[in-house]
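This report describes how the parts of one protein chain are arranged and packed. Please keep the sequence and the structure in view while reading.

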Amino acid sequence: MATTSRRPVPVLFRPLKGGPLVKHVLLIGFGLVMLYPLLWMISSSLKPEELIFREPGLLPSTVTLENYTEGWYALKHPFGYYLWNSAVITALSVVANLVACSLAAYAFARLNFPLKKLWFALMLGTIMLPHHVVIVPQYIMFSELDLINTIWPLVMPKVLATDAFFVFLMVQFIRTLPRELDEAAEIDGAGYWRIYLRVVMPLCLPALATTAIFTFIWTWNDFLSQLLYLNNPDNFTVPVALRTFLDASSDSSWGPMFAMSILALGPIFGFFLVGQKYLIRGVATTGLK
C-alpha cells in the first residue's frame, strides 16, 4: 500500500499554545479601551474642577464630592427634577412603543388584510428614512396643534408605532411561534384580541424586553428632539439640562457636568442589567425566519 505523507502545517495556521488565554487578554484589553472614557469621567467627577485637565490620569490626587453637591443644585431646579422629567417621558414612550408596535407586528404576522405586503414594505422603507428629514414637517405639524413645549411631540409618535425597527423585530419573533397555538385558541372560541393577549404576547417576552430596553436608552439619551420641543427650563430633561452646564461665551462647569452625567447613566445601566438576558434572546431570534 502506498503511504501518503502529511504536509507540514504552515506556522501561520498552527493553533497557538494558550490560545484561550491570549483571547481573554485581548478581550480584556479592548474592553478597558472602550471603558476608558467612562472611567475618566468618573475620575474627573471626583476631582476639584481646577485639576480635571491638569491631571489627565485616572487616579485623582485629591478626592472630593463637591462636584456632586454643586451640580445637583447648580440649575434652576435640583437635578432630581430633570431626572423625573426624563423618567416620565421615557416611561410613557416605553409603554406606548410596547403596545403600538406589538399590535402592528401582530397584524403583519398573523392577520390577512388587503395590500398587506405593500404596507409591510412601506413600513420597512421608513427604516431607511433619516430622522432629520421629518423634523421640519413634524415641528410644523405640532406647532399648528399648539403642542410645542409639551411632552406630546415626544410621546405621540410612539403611540402611532412609528418605530419600524421594533415592529419588524416583533414581526420576525411572532413568525417563529407555531400557528397551531393560534388555531387551538380559535377552536376554544378565542378571537383575535384574546389570542393576542393570552397566547402571542406572553410568548413574545424577549422581543418585548428588547423593545423596552432600546426605547428606554434611545429616549433617555435623546437630545435633539427634546431640545426642539422643550423650550421652557421647567420642562427640561436630563440631556438638555446637562447642556446648560456648558457655556461657549464664559466658563463651563465641567466638574458638576461630569458628576451629573454619572448620575444620569445610573438608570440606563440598571434597566439594561435587569433585561439583559431577554435582550440577547430577542436580538438572536430577530432574523430566524
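Helix axes are lines fitted to C-alpha atoms, over the stretch in contact, and the angles between them run from 0 to 180 degrees between N-to-C directions. The structure is a predicted model, in which local features need pLDDT of at least 70 and side-chain atom pairs count only at pLDDT 80 or more, while totals for chains, interfaces and linings use all residues. Residues are numbered from 1 along each chain as its sequence is written, and side-chain values use heavy atoms, with hydrogens and water left out.

**Overall composition**

The protein has 14 helices and 0 strands. Helices (H or I, at least four residues) and strands (E, at least two) are DSSP runs, numbered from the N terminus. Of the 289 residues, 36% count as buried; buried means under 20% relative accessible area, exposed means over 50%, and partly exposed lies in between (1.4 Å probe, protein chains only). Among contacts with a separation of 6 or more, 70% are between residues 24 or more positions apart, where contact means heavy atoms within 4.5 Å.

**Packing of helices**

Two packed helices are described by the angle between their axes and the distance between the axes. Helix α8 (residues 179–187) packs against helix α9 (residues 192–203) at an angle of about 155°, and their axes are 10 Å apart. Helix α8 is therefore roughly antiparallel to α9. By the rule used here, angles under 35 degrees count as roughly parallel, over 145 as roughly antiparallel, 65 to 115 as roughly perpendicular and the rest as oblique. Leu181, Asp182, Ala185 and Glu186 of α8 make the contact with Ile195, Val199, Val200 and Leu203 of α9.

Helix α4 (residues 116–125) and helix α7 (residues 164–175) have axes that come within 8 Å and cross at roughly 130°. This makes α4 oblique to α7. On the α4 side, Phe120, Met123 and Leu124 meet Ala164, Val167, Phe168, Val171 and Arg175 of α7. Arginine 175 also lies over the face of phenylalanine 120, at 5.2 Å from the ring centre; a charge sits over a ring if NZ of Lys or CZ of Arg is within 6 Å of the ring centre and within 35 degrees of the ring normal.

**Aromatic pairs**

Rings of Phe, Tyr and Trp (its six-membered ring) pair if their centres lie within 6.5 Å; planes under 30 degrees apart count as stacked, over 60 as edge-to-face and the rest as tilted. By this rule there are 19 aromatic pairs. Two stacked pairs are listed below.

| Pair | Centre to centre | Angle between planes |
|---|---|---|
| Tyrosine 139 and tyrosine 229 | 5.8 Å | 20° |
| Phenylalanine 216 and tryptophan 220 | 5.7 Å | 10° |

Tyrosine 139 in helix α5 (residues 135–144) and tyrosine 229 in helix α11 (residues 224–229) are 90 residues apart, and their pair links distant parts of the chain. Tyrosine 139 counts as partly exposed because its relative accessibility is 30%, whereas tyrosine 229 counts as buried because its value is 3%.

Phenylalanine 216 and tryptophan 220 both lie in helix α10 (residues 205–221), 4 residues apart, about one turn of the helix. Phenylalanine 216 is buried at 12% relative accessibility, and tryptophan 220 is buried with a relative accessible area of 5%. Elsewhere, ring pairs link Trp40, Phe53, Trp254 and Phe258 into a cluster.

**A loop residue**

Leucine 111 is in the loop between α3 (79–110) and α4. Its C-alpha atom is separated by 8.6 Å from that of tyrosine 192, 81 residues apart along the chain.
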